[in-house]
Amino acid sequence: MPGSKTAHDVLNPTPEYLAFWRERHVCTLTTPRPDGSPHVVPVGVTYDPEAGLARVISNRHSKKIRNVLATPDATARVAVCQMEGRRWATLEGRAVIRTDEASVAEAVARYAERYGRTPSPNPDRVVMEITLDRAMGRG
């Protein structure tokens, strides 16, 4: 059945899966708290299969950013997910926090493209860059 596949190639997703990630959807991000429990919050996510990355822009002081930075090597296994009706998509991988101007600008530009608006300037903005190793979903 078309669209029923659950495992996807992170670097070479099906056209339907990629199209779903380009639609405007609020997503969830799951990060591990220092005690190991999951912290789940709504976010905007962009998916860049050519680079094998998902990106989430945020304030450097947010709990999700602090959760990643609190890990021993300042990387954390995370997941982003979106759904609409029976369609769903999840991307998983290792997150790092990037603070350099070029990385943040790239993430903001991709966010603006997907969500149709450019976020207001924020000197505390950082980007959570997720190196993907798993993609699942039904598009």
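How exposed is R87, and what is its relative accessible area? R87 is partly exposed, at 22%; here buried means under 20% relative accessible area, exposed over 50%, and partly exposed in between (1.4 Å probe, protein chains only).

The model is predicted, so local features need pLDDT of at least 70 and side-chain atom pairs count only at pLDDT 80 or more, while totals for chains, interfaces and linings use all residues. Residues are numbered from 1 along each chain as its sequence is written, and side-chain values use heavy atoms, with hydrogens and water left out.

**Salt bridges**

Side chains of opposite charge can pair when their charged atoms come close. A salt bridge is taken as a side-chain nitrogen of Lys or Arg within 4 Å of a carboxyl oxygen of Asp or Glu. The count by this rule is 10 salt bridges. Among them are the following pairs.

| Pair | N to O distance |
|---|---|
| R110 and D48 | 3.1 Å |
| E84 and R87 | 2.3 Å |
| E92 and R134 | 3.3 Å |

R110 and D48 meet in a salt bridge; because R110 lies in helix α3 (residues 101-115) and D48 in strand β4 (residues 46-48), the pair ties together parts that are 62 residues apart in sequence. Helices (H or I, at least four residues) and strands (E, at least two) are DSSP runs, numbered from the N terminus. R110 is partly exposed at 27% relative accessibility, whereas D48 is buried at 4%. Both residues belong to a network of salt bridges that links D48, R55, E106 and R110.

E84, the partner of R87, is partly exposed at 40% relative accessibility.

The salt bridge between E92 and R134 links distant parts of the chain, with E92 in strand β7 (residues 87-98) and R134 in strand β8 (residues 125-138), 42 residues apart. E92 counts as buried, at 14% relative accessibility, while R134 is partly exposed, with a relative accessible area of 42%.

**Strand pairing**

Two strands pair if DSSP finds at least two bridges between them. Strand β6 (residues 76-84) pairs with strand β2 (residues 27-32) in the antiparallel sense over 3 bridges. In this pairing, T28 has C81 in β6 as its bridge partner. β6 also pairs with β7, again in the antiparallel sense, over 9 bridges, and V80 stands opposite L91 in β7. β6 and β7 form a hairpin with 2 residues between them. In the turn, G85 has a positive phi of about 60 degrees.
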